[in-house]
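Subject: Structure handover

Hello,

Here is the structure I said I would pass on. My notes on it follow below.

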Amino acid sequence: MVKKIYLHLIFLSFFFIKEAFAAESGGMPQLNPEFWVSQIFWLVLTFGIMYLVLSKLILPKISNNLESRKSQILENIEAAEKQREDSETKLKEYDQIILKSKTEANAMFNQAREKAVKDINAKRDVLDKQIDDEIAQAEKEIQALRDNAPDKINKIARDTSSELLQKLIGAEVNNSSISAIVDDLSKRNGDKYYGN
Amino acid sequence: MAANPMSQFDVYRIGPEIKVGAFDISFTNASLFMIISTVSILLIFNLGSKKNAILPNKIQLLAELSYTFVAKMISDTAGSKAKPYFAFIFSLFMFVLFCNMFGMIPYTFTVTSHIIVTFVLAAFIFIGVTVIGFIKHGFGYLKLFVPSGVPAILLPLIVVIEIISYLSRPISLSVRLFANMMAGHTMMKVFGGFVISLGIVGGWLPLSFSVALTGLEILVAFLQAYVFAILTCIYLNDALNLHH
């Protein structure tokens, strides 16, 4: 329905235009040559002046502006790129320094540890030797004491037995016979006490 | 304004009659709108090129976008050889665009709706392009009328057709712009007249149609300026880079 109305309107409008063309003398004002020369003159004048001003003054300025902006932006991009590269190399340097100092610290630490271990070992060796010496000496002393012990014991035993015999019997007993007996006894029991 | 839809195209004298010899070059409403268009163009582009800020303001952006738009249009259609003609095509595009757009304001006069104006522009382009073609290629420019790869038996016919199509260029170029502008404005006027004659009851339909037409006409105003400029570029391309 709406479409039909539109079509009618369009049709009517064409009809109207046709009527207008027919009604006017010559129809379209465009085809009336009265002001053609005037229009040509003013067109050439205004367009010519506009062309001259645009081409000589304004367009070179705009193109210059565009060029300079482009070059400036390119320069800025280049500078930014360079700065980025700089910062990257700086970062690399920094990393290297860190790495180097780390390895240095490690080496130092290792050295110190080795030195300490060496010192400790040397001291321990000395101490061990001292201890060994002392042990050896003590053993020697013990050995000496042990070696002397049976004689002393035998002597004590002989003395005590002669005294006992004197007290018991009341007579002097030959020392040699007592010592023979004690020696015999001690030899028999000695293994039991001082078993070597 | 009269109810006649064609009366909007009337040219009338403003001020006294000026005569040079036998020619009447009086200042008319057409002259007025030519001056308004060119002065607006010069003002806008002068303002847009005054300061060179890295971050352009609106008017500078407008000027620079128009510049790059036209520059791209020319380099796309006519190549790098057309660079010396950039200023002319830019002026042409801007002049036609501004005349068309000023014509969209009610009670104004549309300079480009007159066949004589568009024909003078088109004829100038036609003559200029032909002269450039003959300067660049000498009589070799006539090869334009002899397309390659055409059977010999068809050649006479093709050459005649090519010559006719070449000679009809200024007519088609001028009539296209003039007819589009005139038809659009007439349609708008007619529908405006319907709004009045149908009144408050039935006027809404032509009114809505008129609103839609206004949008369409603004598009047409831009498009016709673009077509006018791009056809000039194509003709220039024929003259600069002989393809046939």
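At what angle do the axes of helix 6 and helix 7 of chain B cross, and within what distance do they come? The model is a predicted one, and in it the axes of helix 6 (residues 169–202) and helix 7 (residues 204–240) of chain B cross at roughly 175° and come within 9 Å. An angle over 145 degrees counts as roughly antiparallel, so helix 6 of chain B and helix 7 of chain B are roughly antiparallel to each other. Sorted by class, the residues in the contact of these two helices are 19 nonpolar, 7 polar and 3 charged.

The two chains in outline:

- Chain A contains 3 helices and 0 strands, and from the N terminus its elements run α-α-α. Of its 196 residues, 9% count as buried.
- Chain B contains 7 helices and 2 strands, in the pattern β-β-α-α-α-α-α-α-α along the sequence. Of its 244 residues, 36% count as buried. The C-alpha trace of chain B spans about 65 × 55 × 45 Å along its principal axes. Among the contacts in chain B between residues at least 6 apart in sequence, 65% join residues at least 24 apart.

Next, the contact between the chains. Chain B puts 44 residues into it and chain A puts in 36 residues. On the chain B side, the elements that each supply at least two residues include strand 2 (23–24), helix 1 (29–50), helix 2 (58–78) and helix 7. Helix 1 of chain B has the largest share of that side, with 10 residues. By class, the side of chain B that touches chain A has 30 nonpolar, 11 polar and 3 charged residues.

Last, the nonpolar cores. The largest has 60 residues, and those touching the most other members are Ala30(B), Ile89(B), Leu92(B), Phe93(B), Phe95(B), Val96(B) and Leu236(B). Both chains contribute: helix 2 (36–169) of chain A gives two or more residues to this core, as do helices of chain B, among them helix 1, helix 4 and helix 6. Helix 3 of chain B gives the most, with 10 residues. Apart from this core lies another, of 6 residues, including Met187(B), Val190(B), Phe191(B) and Phe209(B).

Which residues does Leu92(B) touch, not counting those up to four places away in sequence? They are Leu121(B), Phe228(B), Ala229(B) and Thr232(B).

Regards

Terms used. Residues are numbered from 1 along each chain as its sequence is written. Chains are lettered from A and ligands numbered from 1 in the order in which they are written. This is a predicted model: local features need pLDDT of at least 70, side-chain atom pairs count only at pLDDT 80 or more; totals for chains, interfaces and linings use all residues. Axes are lines fitted to C-alpha atoms, for helices over the stretch in contact, and angles run from 0 to 180 degrees between N-to-C directions. Helices (H or I, at least four residues) and strands (E, at least two) are DSSP runs, numbered from the N terminus. Angles under 35 degrees count as roughly parallel, over 145 as roughly antiparallel, 65 to 115 as roughly perpendicular and the rest as oblique. Ala, Val, Leu, Ile, Met, Phe, Trp, Tyr, Cys and Pro count as nonpolar, Asp, Glu, Lys and Arg as charged, and the others, Gly among them, as polar. Two residues are in contact if their C-beta atoms, placed from the backbone, lie within 7 Å. A nonpolar core is a set of buried Ala, Val, Leu, Ile, Met, Phe, Trp, Tyr and Cys residues joined through C-beta atoms within 7 Å. A residue is buried if 20 or more other C-beta atoms lie within 10 Å of its own, exposed if 12 or fewer, and partly exposed in between; C-beta atoms are placed from the backbone.
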